[in-house]
Amino acid sequence: MSHTPPDPYEKVRSSPEFQALRRRFRRFVLPLAALFLVWYAVYVLLADYAHDFMSTRLGGTNITVGLLFGLGQFVSTFVITTVYVRWANRSFDPAAEALRREVERDLPADPSHDPTHDSPQDSPHDTEAQR
């Protein structure tokens, strides 16, 4: 009877460090995504059901509330992206990198595998048909 060594990916996935990393990611990303979706839904609903409000001209110009809300969608997308990238670079990516180094340190040495050049064919879970 052959004993199969534990799958390193399953070991990592069930580790407290990985679970903490997932929680940190979800605590940041999900509220931000929900906020954006609510903001977008408000914009769409106002555009559909509040024509008078959205067509209100500002300061006697051709600029309307709807135009500003539409431009605000683009601005908020850039702001959210910037906030996420800064957060990830500052707190998430370093923790993920530390976990990756720990996992790679615990893996058995495989001289045919170069971890700096991972590609889909390098995955130990690929079947012959996938290669």
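The protein chain has 4 helices and 0 strands, and the model described here is a predicted one. Read along the sequence, the elements of the protein chain follow the pattern α-α-α-α. Of the 131 residues in the protein chain, 14% count as buried.

**Packing of α2 and α4**

- Helix α2, which covers residues 16-49, packs with helix α4, which covers residues 65-106, and the angle of this packing is about 180 degrees, while the two axes lie 11 Å apart.
- Because angles over 145 degrees count as roughly antiparallel, that angle makes α2 roughly antiparallel to α4.
- The residues that make up the contact of α2 with α4 divide into 20 nonpolar, 7 polar and 2 charged.

- Arg24 and Phe92 are 68 residues apart in sequence, and in space their C-alpha atoms are 7.8 Å apart.
- Ala95 is found in helix α4, and at 25% relative accessibility Ala95 counts as partly exposed.
- Along the chain, Ala95 and Phe18 are 77 residues apart, and the C-alpha atoms of these two residues are separated by 9.4 Å.

**A nonpolar patch on the surface**

- Leu58, Ile63, Leu67, Leu68, Leu71, Phe74 and Phe78 form a nonpolar patch on the surface, and together these residues have about 680 Å² of accessible area.
- One of the residues of this patch is Ile63, which is found in the loop between α3 (51-54) and α4.
- At 39% relative accessibility, Ile63 counts as partly exposed.

- The structure holds 4 salt bridges, and side chains of opposite charge can pair when their charged atoms come close.

- Glu97, Arg100, Arg101 and Glu104 are linked in a network of salt bridges.
- Within helix α4, Glu97 and Arg100 are 3 residues apart, about one turn of the helix, and their side chains meet in a salt bridge with an N to O distance of 2.5 Å.
- Arg100 also forms a salt bridge with Glu104, and the closest N and O atoms of this pair are 2.7 Å apart.
- Arg100 and Glu104 both lie in helix α4, 4 residues apart, which is again about one turn of the helix.
- Glu97 counts as partly exposed at 30% relative accessibility, Arg100 is partly exposed with a relative accessible area of 37%, and Glu104 is partly exposed with a relative accessible area of 29%.

Technical notes
Residues numbered from 1 in each chain as written. Predicted model: local features only at pLDDT ≥ 70, side-chain atom pairs only at ≥ 80, totals over all residues. Heavy atoms only, no water. Axes fitted to C-alpha atoms, helices over the stretch in contact; angles between N-to-C directions. Helix = DSSP H or I, 4+ residues; strand = E, 2+ residues; numbered from the N terminus. Parallel < 35°, antiparallel > 145°, perpendicular 65-115°, else oblique. Nonpolar A, V, L, I, M, F, W, Y, C, P; charged D, E, K, R; others polar. Patch = residues over 30% accessible without salt bridge, like charges linked within 9 Å, V, L, I, M, F, W, Y side chains within 5 Å. Areas by Shrake-Rupley, 256 points an atom, 1.4 Å probe, with all protein chains shown as cover. Buried < 20%, exposed > 50% of the residue type's maximum accessible area, 1.4 Å probe, protein only.
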